[in-house]
Protein chains: 2
Amino acid sequence: MTILDGKATAETLKKEIAQTVQQWKKEGKKTPHLAAILVGCDGASETYVNSKERDCHEVGMQSTVIRLPDTTTEAELLQKVNDINRDADIDGLIVQLPLPKHINEQKIIEAIDPKKDVDGFHPLNVGRMVAGLPSYISATPDGIMELLARYHIETAGKHVVVIGRSNIVGRPVANLLSLKANPGNCTVTLCHSQTSNIKALCLQADIIIAALGKPEFLTADMVREGAVVIDVGITRVKAATKNGFRLAGDVNFNEVAPRCSYITPVPGGIGPMTRVSLLKNTLKAAAKEVFA
Amino acid sequence: MTILDGKATAETLKKEIAQTVQQWKKEGKKTPHLAAILVGCDGASETYVNSKERDCHEVGMQSTVIRLPDTTTEAELLQKVNDINRDADIDGLIVQLPLPKHINEQKIIEAIDPKKDVDGFHPLNVGRMVAGLPSYISATPDGIMELLARYHIETAGKHVVVIGRSNIVGRPVANLLSLKANPGNCTVTLCHSQTSNIKALCLQADIIIAALGKPEFLTADMVREGAVVIDVGITRVKAATKNGFRLAGDVNFNEVAPRCSYITPVPGGIGPMTRVSLLKNTLKAAAKEVFA
């Protein structure tokens, strides 16, 4: 059984990105520049945006965080998005979600120039991804694909069971893995809350991607010997620790791991891979790799 | 066993659409108007465009066909698309595919205003469909969904096996059926040329959608008693008929039908439903139902 070390892989990736950025600077090219808009003062959002800023600086990218009050109107936010769309110095733009309830999130997502949409949430990028065209792929599915690639895990012809049909994880990764690509070329079954026979399906899977957000949902009796298990869940559960909680994945790691050929830990698996994907996309944006 | 009569259902739909168009005219509203661009003189494309024109007239819609020579440049075609995008009288625009090889099809598809993209091929519409947002759904997947709906076939919690991952049938219908919607809420397995155990998967399916384009691929030993079988294939195979051929689906109808609860025939199943979907989308475009 091999642990898919997302933390170490993400570190390697970050070094590669930092080297590219450094090389570009040497060549007199522009420094990649990510802008993040944060509306209101949600604690978790604040933490995420700070991490993203720190990650940018770590690899030598420029980062701009625009903090707007939670009284910002939709029109004002749209104006700000348009300003950044037109700002030639900014390569990538993310609007941290969730937004205050008086703002239509979908409208904001679709207002971002697809060329700068490094979160990959704009339907144009989703549609291009689904069609196998160059696109910004959102962070978690991209992190999963990269980890599979870096460990040279054979995917062609394999049966993947994806548990969870969210628009940010389950559905895109199901689409990506069924494309004629590498990683890819999988037979993919997409399961969700309405699926009646998840256990029977999981037992047929060569690769299981658990992305439903239910702590330790996947147990040993659902996994066949030699399966690859990717755990996307990360939930705080009460525990006798200093903080009063521990982080649990969607997989009961202790009992599932011995059955696996490969498995991701939580934390230190998909989480760090997700984080680094935003940097990958920002680099792509600066290189104008996705949209010529 | 019930035959899913696509021909009769499409006729009903056409009547409903014709009534709506007539009602609109009475109310002094604009007549829905579909424009089709045909480049070159491919025989099959010519036939398709003529059918679409005839369908429009049959339901009282206006139709304009723009015929361009196969020497048309990409720039000239883009210009024509832009002209129609700006023409307020035209509600829907299709560019008949395939295009001559010197023209980049994807570029043309993405040049069509998504609001007029009644073929549903623009990645913005694909992305919106995948996210469960209002969108133009391309004709064949829409026809399948409509037929399931009209026959009140229970889909929630059912296991659907889709054979074929094309961007115009298999992949979109797999996405649609797994959405939280009705029809929908299915567990969906998407199979293709790289799938090793298609028979074992089909035998687990409550609903099979055969869209791989291999005549009579699906045989009785692959279908469990009581399954719903949707046949999207339509291939000319040599036969001792007047024309020297007959139309074959992807399903061996004679042997599979007795096992099914519902099955579509070929011809007269998904074909007519596909044709009528373009009219549905043109009506939606005229009503500004998808994009406000």
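What follows is a set of questions and answers on a predicted two-chain model.

Residues are numbered from 1 along each chain as its sequence is written, and chains are lettered from A, with ligands numbered from 1, in the order in which they are written. In this predicted model, local features need pLDDT of at least 70 and side-chain atom pairs count only at pLDDT 80 or more, while totals for chains, interfaces and linings use all residues.

Trainee: How far apart are the end C-alpha atoms of helix H1 of chain A?

Mentor: Helices (H or I, at least four residues) and strands (E, at least two) are DSSP runs, numbered from the N terminus. The expected span of a helix is 1.5 Å times one less than its number of residues. H1(A) has 21 residues, 6–26, so it should span 30 Å. The end C-alpha atoms agree with that, at 30 Å.

Trainee: Which residues of H1(A) are buried, and how are they placed around the axis?

Mentor: Buried means 20 or more other C-beta atoms within 10 Å of a residue's own; exposed means 12 or fewer, partly exposed is in between, and C-beta atoms are placed from the backbone. In H1(A), Gly6(A), Thr9(A), Ala10(A), Leu13(A), Ile17(A) and Val21(A) are buried. They cover an arc, taken from the directions from the helix axis to the C-beta atoms, of only 110 degrees, which puts them on the same side of H1(A).

Trainee: Why can residues three or four places apart point the same way in an α-helix?

Mentor: The reason is the repeat of the helix. Residues at that spacing point the same way because an α-helix has 3.6 residues a turn.

Trainee: Which element gives the largest share of the side of chain A that touches chain B?

Mentor: Two residues are in contact if their C-beta atoms, placed from the backbone, lie within 7 Å. By that rule 25 residues of chain A are in contact with 25 residues of chain B. Helix H5 (123–130), helix H7 (170–178) and strand E6 (187–191) of chain A each give two or more residues. The largest share, seven residues, comes from H5(A).

Trainee: Where do the strands of the two chains pair, and what stands opposite Leu190(A)?

Mentor: Two strands pair if DSSP finds at least two bridges between them. E6(A) and strand E6 (residues 187–191) of chain B pair in the antiparallel sense over three bridges. Within E6(B), the residue opposite Leu190(A) is Val188(B).

Trainee: Which strands stand at the edges of the twelve-stranded open sheet?

Mentor: The pairing is mixed, and the order is E1(A)-E11(A)-E8(A)-E7(A)-E5(A)-E6(A)-E6(B)-E5(B)-E7(B)-E8(B)-E11(B)-E1(B). Each edge strand has a single partner strand, so one side of each is left without a neighbour in the sheet. The edge strands are E1 (2–3) of chain A and E1 (2–3) of chain B.

Trainee: What stands opposite Val229(A)?

Mentor: Strand E8 (residues 228–231) and strand E11 (residues 262–263) of chain A pair in the parallel sense over two bridges. In E11(A), the residue opposite Val229(A) is Ile263(A).

Trainee: What is Tyr262(A) in contact with, leaving aside neighbours within four places in sequence?

Mentor: Tyr262(A) lies in strand E11 of chain A. Tyr262(A) is partly exposed, with 19 other C-beta atoms within 10 Å. Its contacts are Thr2(A), Leu4(A), Tyr151(A), Ile153(A) and Val228(A).

Trainee: Where is Pro183(A), and what is omega at its cis peptide bond?

Mentor: Pro183(A) sits in the loop between H7 and E6 of chain A. The cis bond joins Asn182(A) and Pro183(A), with omega about -5 degrees.

Trainee: Is His152(A) buried or exposed, and what is its phi?

Mentor: His152(A) lies in the loop between H6 and strand E5 (159–163) of chain A. With 9 other C-beta atoms within 10 Å, His152(A) is exposed. Although His152(A) is not a glycine, its phi is positive, about 50 degrees.

Trainee: Which residue has a positive phi in the hairpin of E9(A) and E10(A)?

Mentor: Strand E9 (residues 235–238) and strand E10 (residues 245–248) of chain A run antiparallel, joined by four bridges. The hairpin has six residues between the strands. The residue with a positive phi, near 85 degrees, is Gly244(A).
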